[in-house]
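Work through the exercises below with the sequence and the model at hand. Each task is followed by a stepwise solution.

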Amino acid sequence: MKLVCIDCGKELSKGEFDYHCTCGGLFDIVHDFREYDADLLKQLFHKRLSERMTPYASGVWRYKELIFPELPDEDIVTKYEGNTGLYSSASIQKYTGVRQVWVKAQSENPSGSFKDNGMTVAVSHGKSLRYKKFTCTSTGNTSSSLAMYASIANADSYVFVPDKDISINKVLQTLAYGAKVFSFGGTYDHGIQFLEKYSSDLGLYVCNSINPFRIEGQKSIIYEAAQYLNWELPDWIIVPGGALSNATALGKGLQDLFTLGFIDKMPRVAIVQAEGASPFHKLVAEEKEELIPEPFPYTRASALNIGHPPSWKKALQTLKGTNGITISVPDEEILDAKAVIDRSGIGCEPASAATIAGLRSLVSQQLIDKEESVLCILTGNMLKDTDVLNEYHFGDSINAAFKNTLQNAGLTLNTIRKFIIDR
Ligand SMILES: *Cc1c(COP(=O)(O)O)cnc(C)c1O
Ligand SMILES: [Zn+2]
């Protein structure tokens, strides 16, 4: 495997590592799968489903050959991430109107979001380079995940979070894992710019999505979904888009599966952004050459609150390779879709629900046919943002279609009976 600049094609020599090429482009990891026998690999991946206490029990490292084959096993930092549920739900199906909807609950990862799929690989790589200090800037989930793995690896983490419009639950989780947290005035995009400039002076290993090892790890989400579905993927895969690392990884993972012959048909990808932070959707919809950053992004789906997604060029590759599309959805639709997912018993944080809101909208615009099958990636856990839950169910600032509020009935039989018997 090698690191290749996506803009100028420059290759790093073996052992060399950087986030940006001298031309400013990002690096991508390119594998050579020509020697692989797809049937043997399938058998190996299947056999590993019964592993317990080895790194291969992880839903990421199960696919090590496709992710980071060179890494010595003793450098793997894992919490047996991945291995997340794949569900179909009658109520979600009804809400969206399509024949078959699957959801992959990355919310069931150890730190509660899909960031674990990539972070285990980034931190393992950093460890293999003997780093003891890790960093990221984050709207909260990247930092929770990094802080968790850094602690497992006995290393330090230093994370940078905007001082507003992020979820306090995520910040608390990050602090609790022991990270040093720096709060700053500005947006996620300012934090990224700071790290791009100074991380190397500070001796920090950067775990943001500019780190190509995170992307490699996140490919496992679609590998695992494909494996659970017996290597037959639905017609469509839907992901939310913030920094666009997940959309990038999805496209790469699908390409791997297709190249190896694990799947014989390429699904189409839909990337959903929140209306208040949708520079990528605008780029695609308006057929622009360059992404125009949004200086003041705002959405209640705080994990999507990103105005200048670093991976936009890589995400364009996903659209190209899968005949993909983009869409943006208003917060109100995201929060109602979230309530439907929560009620189904699966649950997720707001950003994840952009997928179901997006699907519903794509079906009503007839861009997705009711007869097609769809897989939505649910990215984060329901308890990652209790402020939003609080506002949705108790507050009056959201026009909530599925409010479920407390009943102050006291312990009076006749009143309680009304709720239970006469409902
Ligand atoms: C990070 C994150 C996203 C956005 O993913 P990107 O790779 O940044 O596009 C969506 N949902 C949740 C819960 C996240 O943590
Ligand atoms: Zn370059």
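A salt bridge is taken here as a side-chain nitrogen of Lys or Arg within 4 Å of a carboxyl oxygen of Asp or Glu. The model is predicted, so local features need pLDDT of at least 70 and side-chain atom pairs count only at pLDDT 80 or more, while totals for chains, interfaces and linings use all residues. Residues are numbered from 1 along each chain as its sequence is written, chains are lettered from A and ligands numbered from 1 in the order in which they are written, and side-chain values use heavy atoms, with hydrogens and water left out.

**Exercise 1. Salt bridges**

Count the salt bridges, then describe the pairs Arg130–Asp75, Glu11–Lys2 and Glu286–Lys288.

Step 1. The rule gives 19 salt bridges.

Step 2. Arg130 and Asp75 are joined at an N to O distance of 3.3 Å. This pair links distant parts of the chain, 55 residues apart: Arg130 sits in the loop between α4 (115-128) and β5 (133-137), Asp75 in the loop between α2 (64-67) and β3 (86-88). Helices (H or I, at least four residues) and strands (E, at least two) are DSSP runs, numbered from the N terminus.

Step 3. Classify the two partners by relative accessible area: buried means under 20%, exposed over 50%, partly exposed in between (1.4 Å probe, protein chains only). Arg130 counts as exposed because its value is 55%; Asp75, at 5%, is buried.

Step 4. Glu11 and Lys2 meet at 3.5 Å, N to O. Glu11 is partly exposed at 46%, and Lys2 is partly exposed at 37%.

Step 5. In the pair Glu286 and Lys288, the closest N and O atoms are 2.5 Å apart. Glu286 has 46% relative accessibility and is therefore partly exposed; Lys288, with 37%, is partly exposed.

Step 6. A network of salt bridges links Asp28, Glu216, Lys219, Lys252 and Asp256.

**Exercise 2. The zinc site**

Step 1. Donors are N, O and S atoms within 2.8 Å of the metal (3.2 Å for Na, K and Ca); water is not among the atoms, so sites may look incomplete. The protein donors of ligand 2 are the SG atoms of Cys5, Cys8, Cys21 and Cys23, lying 2.3 Å from the zinc ion.

Step 2. Four donors count as tetrahedral if all angles lie between 85 and 135 degrees. The four donor atoms subtend angles of 102 to 117°, so the arrangement is tetrahedral.

Step 3. Along the chain, the donors follow the spacing C-x2-C-x12-C-x1-C. Cys5, in strand β1 (residues 2-5), and Cys23, in the loop between β1 and β2 (27-30), are 18 residues apart.

Step 4. Cys5 is buried because its relative accessibility is 3%, whereas Cys23 is partly exposed at 43%.

**Exercise 3. The overall fold**

Step 1. The C-alpha trace spans about 75 × 50 × 45 Å along its principal axes. Buried residues account for 59% of the 423 residues.

Key. Tetrahedral: all angles 85-135°; square planar, octahedral: opposite > 155°, others 65-115°.
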